[in-house]
Amino acid sequence: YKALIHPHKKVHDAAMSIVPHIESEAAMLAHKEEIVEQFQTMESASAEVFNLLDSMLRDTLHQRTVIR
């Protein structure tokens, strides 16, 4: 579970960093590159979170089949 902490935080931090830049059209246009970069960060970190969750699920299922 500890491995999830950093990538999960990256998703939320990237999302929160975008909030001030989407309050108006002018702000979005002025910060469009940063917004795109933060969405890419969120996408990458989110993929890492789901890969870790998949791995945890596989490990759990494997342990259950070994125990039986």
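Figure 1. Among contacts (heavy atoms within 4.5 Å) with a separation of 6 or more, 62% in the protein chain link residues 24 or more positions apart. This is a predicted model, in which local features need pLDDT of at least 70, side-chain atom pairs count only at pLDDT 80 or more, and totals for chains, interfaces and linings use all residues. Residues are numbered from 1 along each chain as its sequence is written, and side-chain values use heavy atoms, with hydrogens and water left out.

**Figure 2. The whole chain, element by element.** The protein chain holds three helices and zero strands, in the order α-α-α from the N terminus. Both kinds of element are DSSP runs numbered from the N terminus: helices are H or I with at least four residues, and strands are E with at least two. The C-alpha trace spans about 60 × 15 × 15 Å along its principal axes. The radius of gyration, taken over C-alpha atoms, is 17 Å, while a compact globule of 68 residues would have a value near 11 Å; that globule rule is 2.2 Å times the number of residues to the power 0.38. As for confidence, the mean pLDDT (the predictor's confidence in each residue, from 0 to 100) is 94, and 97% of residues reach 70 or more. Helix H1 has the highest confidence, at a mean of 97, and helix H3 (residues 32–67) the lowest, at 93.

Figure 3. Which residue forms a salt bridge with Asp-13? The partner is Lys-9, and the closest N and O atoms are 2.6 Å apart. A salt bridge here is a side-chain nitrogen of Lys or Arg within 4 Å of a carboxyl oxygen of Asp or Glu, and a search of the whole structure finds one. Side chains of opposite charge can pair when their charged atoms come close. Both residues sit in helix H1 (residues 2–18), four residues apart, or about one turn of the helix. Asp-13 counts as partly exposed because its relative accessibility is 39%; the classes are buried under 20% relative accessible area, exposed over 50%, and partly exposed in between (1.4 Å probe, protein chains only).

Figure 4. Of the 68 residues of the chain, 16% count as buried. The side chains of His-21 and Glu-34 are joined by a polar contact of 3.3 Å. Such a contact is a pair of N or O atoms within 3.5 Å; within protein, one must be able to donate a hydrogen and the other to accept it, and residues adjacent in sequence count only if both atoms are side-chain atoms. Setting aside neighbours within four places in sequence, His-21 touches Ala-27, Met-28, His-31, Glu-34 and Ile-35.

**Figure 5. Lys-10 and Phe-50, on helices H1 and H3****.** Lys-10 is partly exposed, with a relative accessible area of 34%. Beyond its neighbours within four places in sequence, Lys-10 is in contact with Thr-41 and Ala-45. The C-alpha atoms of Lys-10 and Asp-59, 49 residues apart along the chain, are separated by 24 Å. Phe-50 counts as exposed because its relative accessibility is 51%. Between the C-alpha atoms of Phe-50 and His-8, 42 residues apart along the chain, the separation is 9.7 Å.
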